[in-house]
Amino acid sequence: MIYTVTLNPAMDYYVSLPTLHVGHVNRSTNDRKVAGGKGINVSKVLKRYGTHSTALGFIGGFTGDFIHEAVMQDGIDSNFIRIKGDTRINVKIKAEEESEINGFSPEITISDKATLEEQFKQLNKGDIVVLAGSIPPSLQANLYAEWTEQLNGQGVHVFVDTSGEALKQVIKAKPAFIKPNQHELAELTQSVITTKEDAIPHAKALVEQGVDYVLVSFAGDGALLATRDGIYSANAPKGELINSVGAGDATVAGFIHAHHEGASVEDAFRFGMASGSATAFSLGFGELAEVKRLEKEIEVSTI
């Protein structure tokens, strides 16, 4: 079984207008509302590929109701925990430039946290848990590390997609997978990383610390994957960037899907890259047919 965890989901409100006039009344030409959050996004993409997952996390208020309903309509199983506060709203403004206003996170209580940890205790050896996104301010920054240690002890494979202090702390607990981009890796290692070559020693060091897969993304310049068996490089396929939101989540979902299906490391890496690119080249998440087409353009080489 695959479980995705989104501690800080949001109702993402997309607003389109030709020009944003700051300090004046603006009228949108189009808008839409979607259930957002990195773990939820991973579940959405897995569903498109025919891989089942269950979405976990915290929701509250009318915005939480919206997320629960949207996830159900997508055909995704969930076991969200209800909290007292309202799930946040993130406003995504698409004008001459893209701007975002991310809402403030509701409080997650000790009791809420304990309820999720009880859910974790029910998981079985060989299950996969995806801890994705930011940790709300009401919870401690080392929470992913705490949970990774607990889940590792149960034989559960933990995939983590986060940044900052949460990423720094979770590495100590030896998750199976992390996916920093080049800037997040530079922040983590306090170094300058502009090329894949710059990233190699740092990715190797993370594997030596106990992480099985370290996938470092370089946007249009492809990605690097460090494992215990070697270092791999992949190019990015050509296409027009339409949507940067969710591309990283699609990369994680693609890798997990292929890995879960028994693909080799190289093929899982290739499928993950194609998955992320298909989303970047689409208005929403990329379709499986497009992922398979883009796979043919991606070359994975050993460094």
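Mentor: Two residues are in contact when they have heavy atoms within 4.5 Å of each other. This is a predicted model, in which local features need pLDDT of at least 70 and side-chain atom pairs count only at pLDDT 80 or more, while totals for chains, interfaces and linings use all residues. Residues are numbered from 1 along each chain as its sequence is written, and side-chain values use heavy atoms, with hydrogens and water left out.

Trainee: Which residues in H4 meet which residues in H5?

Mentor: Tyr144, Ala145 and Thr148 of H4 meet Ala166, Gln169 and Val170 of H5. Helices (H or I, at least four residues) and strands (E, at least two) are DSSP runs, numbered from the N terminus. By class, this contact of H4 with H5 has four nonpolar, two polar and no charged residues. Ala, Val, Leu, Ile, Met, Phe, Trp, Tyr, Cys and Pro count as nonpolar, Asp, Glu, Lys and Arg as charged, and the others, Gly among them, as polar.

Trainee: At what angle do the axes of H4 and H5 cross?

Mentor: Two packed helices are described by the angle between their axes and the distance between the axes. Axes are lines fitted to C-alpha atoms, for helices over the stretch in contact, with angles from 0 to 180 degrees between N-to-C directions. For H4 (residues 143-153) and H5 (residues 164-171), the axes come within 7 Å and cross at roughly 30°. H4 is therefore roughly parallel to H5, a term for angles under 35 degrees.

Trainee: How do H3 and H4 cross?

Mentor: The axes of H3 (residues 110-121) and H4 come within 11 Å, at a crossing of roughly 25°. So H3 is roughly parallel to H4 as well. Residues Lys113, Leu116, Glu117, Phe120 and Lys121 of H3 meet Leu143, Glu146, Trp147, Gln150 and Leu151 of H4. Five nonpolar, one polar and four charged residues make up the contact of H3 with H4.

Trainee: In what order do the four strands form the open sheet?

Mentor: Strands pair if DSSP finds at least two bridges between them. Here the order is E3-E2-E7-E8, with mixed pairing. Strands E3 (30-36) and E8 (98-101) stand at the edges with a single partner strand each, so one side of each has no neighbour in the sheet. From one strand to the next, the twist averages 20°. E2 (residues 10-16) pairs with E3 in the antiparallel sense over seven bridges, and Asp12 stands opposite Val34 in E3.

Trainee: Which strands does helix H2 lie across?

Mentor: H2 (residues 61-73) lies across E2, E3 and E7 (88-94), running at about 80° to E3.

Methods
Parallel < 35°, antiparallel > 145°, perpendicular 65-115°, else oblique.
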